[in-house]
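Dear colleague,

My findings follow directly after it.

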Amino acid sequence: MKRVYFLLFTCTISILIFSCGQSNNNTAGSSEKPKSMVPDAESYDPKRGEGKFSADNVKVDAKLDAALAATGEKIVNTKCASCHKMSTEKLVGPGWAGVTTRRKPEWIMNFITNPDPMLNKDPEAKAMLELCLVRMPNQSLTDDDARNILEFMRKNDGIK
Amino acid sequence: MMVLNSKTKLTFMKKMVFQSIAVIFSALMMFAGCKPKNSADAVSGDAAAKAYVAPGKYDEFYNFVSGGFSGQMSVYGLPSGRLLRVIPVFSVDPEKGWGYSEETKPMLNTSHGFIPWDDLHHTELSQTNGEINGKWIFANANNTPRLARIDLKTFRTAEILELPNSGGNHSSPFGTENSEYIVAGTRFSVPPDDVNGDVPISSYKQNFKGHISFVSVEPTSGEMKIAFQLKTPGVNFDLARCGRAKSHGWFFFSCYNTEQANTLLEVNASQKDKDFIMAVNWKKAEEYIKAGKGKKQTVKYAHNVYSDVTHTATSTIMSEVTVLDVAELKDICYFIPCPKSPHGCDVDPTGEYIVGSGKLAALIPVFSFDKLQQAIAAKSYDGDFGGIPVVKYEAALYGEVKKPGLGPLHTEFDGKGNAYTSFFVSSEVVKWNIKDLKVVDRVPTYYSVGHLCIPGGNTRKPSPKYLIAYNKITKDRYLPTGPELAQSAQLYDISGDKMQMILDFPTIGEPHYAQAAPADLIRNNGQLKIFKIADNKHHYAAKGENETKVVREGNKVHVYMTSIRSHFSPDNIEGIKMGDEVYFHVTNLEQDWDVPHGFGIKGAANAELLIMPGETQTLKWTPDRVGMFPMYCTDFCSALHQEMQGYVRVSPAGSNVPLTFSLGKVVPETK
């Protein structure tokens, strides 16, 4: 008798499940695990930052390359000077005076070409964001632009 | 959800004899409840999953939908039905400053002057070898006849060309297999522009003519030019399709009002049993143009081009067009009789079958290109109409789809041997086999479907996964919003044998025709993300704050202004006087994707600006009173967006307040 009830029950459930056909076929996109937003503390080098540039591919002379600096200044006027003063005074972003003594060349070039990832993980960049509250925009600088701007920053810091 | 361990099961069964019977009963009730009762039940269970695009995921197709009487084109993602963008084309759009900024005003110029609102009916993606190439999409202005070309790298209208000798540019903007030409056939026949149009309306048959423009498209720049026009007898042209593959070199136009009526057309243009599809041998027309058979005609039309380098449009009034009279030059045009005021005139992917859709007919005639060629060679004619040979119906006919539905309008193809025709009167989509002309499947639409779209459905290689029906009547499909309702489109999955409705989505204006393309084809076409500031050649650009200034030229004041997160330079301007015209030329110095800035100033009588990164746009402002006028950024740009503001001081005419401007200059408090 119990077996009969069980059969009845099974039939009932089957009818319930199949009566409307196609009803529970949920094929919504595959579930991807969210990527961790926590930076990998081991691999991140706060002296170099994150981007294309490193001590190996950025060569800086003790002396100033005046031609590079002059090209850099033109780019700065268009893309940077709206927000950065050449003194220590903060405008939208921090003043540039002394930046080349505070940061490595590769850090500067990485930050200005790759600001978003660095604003998310670089301790110094994050600290500056807390002060300025405007995320440094990506100004679509080329590699050469970045090198020229670095040279202009060095000139601004008194390198001759 | 119904998994029970053995102990519970035992208890359950001891107690539940009656209840299990009750469960069976309710299951049977549910089963009975699955029978469709109304239109909402026509959707089967997995529809949601098929139309679902997870947050952060992309759609499979771009859908470019005409905005009808809004004059714009909207872009949707499919299958989600998400609205991605409204591209302003033939109407002003305050959201984007289109038609309000000094740079875009010339785009809406015509021989009649500035026209702020038109009616956009059809869209046509550019093609190479009969396949969508992802470069441009064309659109027609129906009221004041024009063609537009939209650049799919910027999703902006790049060019608008007015069409002379036309009234109601409806049979447009259909294109050839390599976009050699985009055509524009007039709906209203009218007296040509170079003769006196001040004639009695009743002289229609004598004085009214049809004109079809063949507009060439330069393959690299896309620039449009009226290569030639065909002058035809006075009829109404409705829709058109190019020949493809074997029939490349031909074009087919549906014609109605072959009665040549000029009043109460719904009765008087529905008298004849058959109207025409006009077959045009455009290669032959090209030969006649080369041979100098075209007549130069003095007309007036505007040609407007927008430059992404100067960020400025120019409007040039053109004065000449070359016309071929198809009654004189015998072998360009042929009429094929087609039942009852044909609307759609669609060519299958092989180029062999031409499907006419007589909107008052209860059958669909399918014509054969090969048979048409034989009929022309054998001069198998039934006399002529206005000097153009009329091919015998049976001589060009492949066969008829019998009793497909009521009121066929438009047909698209899946490239697998099937055609899909919309039926306005019987509100349905009917799938039929081209070879045997048998109906295979039919689904209802809600309500009164107009055009259909299958991605690539007018090309050699359709992507037959979805079909969209663009309906003319919405009624009860959405929550009511008063007398005016959103327009209704329906998405069907056509990947299987049976069509399955999976989504309703609202559209802007009235969607007439629409086209769709695989998403990758468009998104990988070199999408522009910013305008490079170094390439900005705008006459009034300020490429850096050190170039910002305010310059007076008589009563015109030019403000060379920049915007960047989060300030304008300059942000304080004094010395503007009553009677001045002030031009704010705002350059957005940002060089990052998706960082536009806006610009608004109190009392601006036209609109605001929206400026993309690296772009310069100009707002003309004529102060109407003395006082202090705030200006600010209207597009949220950063945490300090609310600080992105400034003041303009307006003094009486003749005042001695000097013209000054500044940013960040703190002046001691004065009274």
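I begin with a pair of residues in chain B: L125(B) stands opposite I137(B) in strand β7(B). Please note that this is a predicted model, in which local features need pLDDT of at least 70 and side-chain atom pairs count only at pLDDT 80 or more, while totals for chains, interfaces and linings use all residues. Residues are numbered from 1 along each chain as its sequence is written, chains are lettered from A and ligands numbered from 1 in the order in which they are written, and side-chain values use heavy atoms, with hydrogens and water left out.

Strands around β7(B)

Helices (H or I, at least four residues) and strands (E, at least two) are DSSP runs, numbered from the N terminus. Two strands are said to pair if DSSP finds at least two bridges between them. Strand β6 (residues 120–128) of chain B pairs with β7(B) in the antiparallel sense over 6 bridges. These two strands form a hairpin with 2 residues between them, and N129(B) in the turn has a positive phi of about 50°. On to the next strand: β7(B) is joined by 6 bridges to β8 (residues 146–151) of chain B, and the two run antiparallel. Here N140(B) has L147(B) in β8(B) as its bridge partner, and the hairpin formed by β7(B) and β8(B) has 4 residues between its strands. Of the 11 residues of β7 (residues 131–141) of chain B, 8 are buried, so the strand is largely enclosed by the rest of the structure. Buried means under 20% relative accessible area, exposed over 50%, and partly exposed in between (1.4 Å probe, protein chains only).

An open sheet in chain B

In chain B, 4 strands form an open sheet in the order β30-β31-β32-β33, with antiparallel pairing. Its edge strands are β30 and β33 (500–507), each of which pairs on one side only. The twist averages 25° from one strand to the next; axes are lines fitted to C-alpha atoms, for helices over the stretch in contact, and angles run from 0 to 180 degrees between N-to-C directions. Strand β32 (residues 487–493) of chain B is joined to β33(B) by 7 antiparallel bridges, and Y492(B) has M501(B) in β33(B) as its bridge partner.

Backbone features in loops of chain B

The peptide bond between Y446(B) and Y447(B) is cis, with omega about -10°; Y447(B) is placed in the loop between β29 (439–444) and β30 (449–453). A further cis peptide bond runs from S569(B) to P570(B), with omega near -5°, and P570(B) is in the loop between β37 (567–569) and β38 (572–577).

A245(B), a residue other than glycine, has a positive phi near 55°. A245(B) lies in the loop between β14 (236–242) and β15 (250–256) and is partly exposed, with a relative accessible area of 31%. Q260(B), also other than glycine, has a positive phi near 60°. Q260(B) lies in the loop between β15 and α5 (265–268) of chain B and is buried, with a relative accessible area of 15%.

Helix α2 of chain A

In α2(A), the buried residues are A69(A), G72(A), I75(A), V76(A), T78(A) and K79(A). What covers them includes α7 (143–156) of chain A together with β36 (556–564) of chain B.

With kind regards

Note on methods:
Contact = heavy atoms within 4.5 Å.
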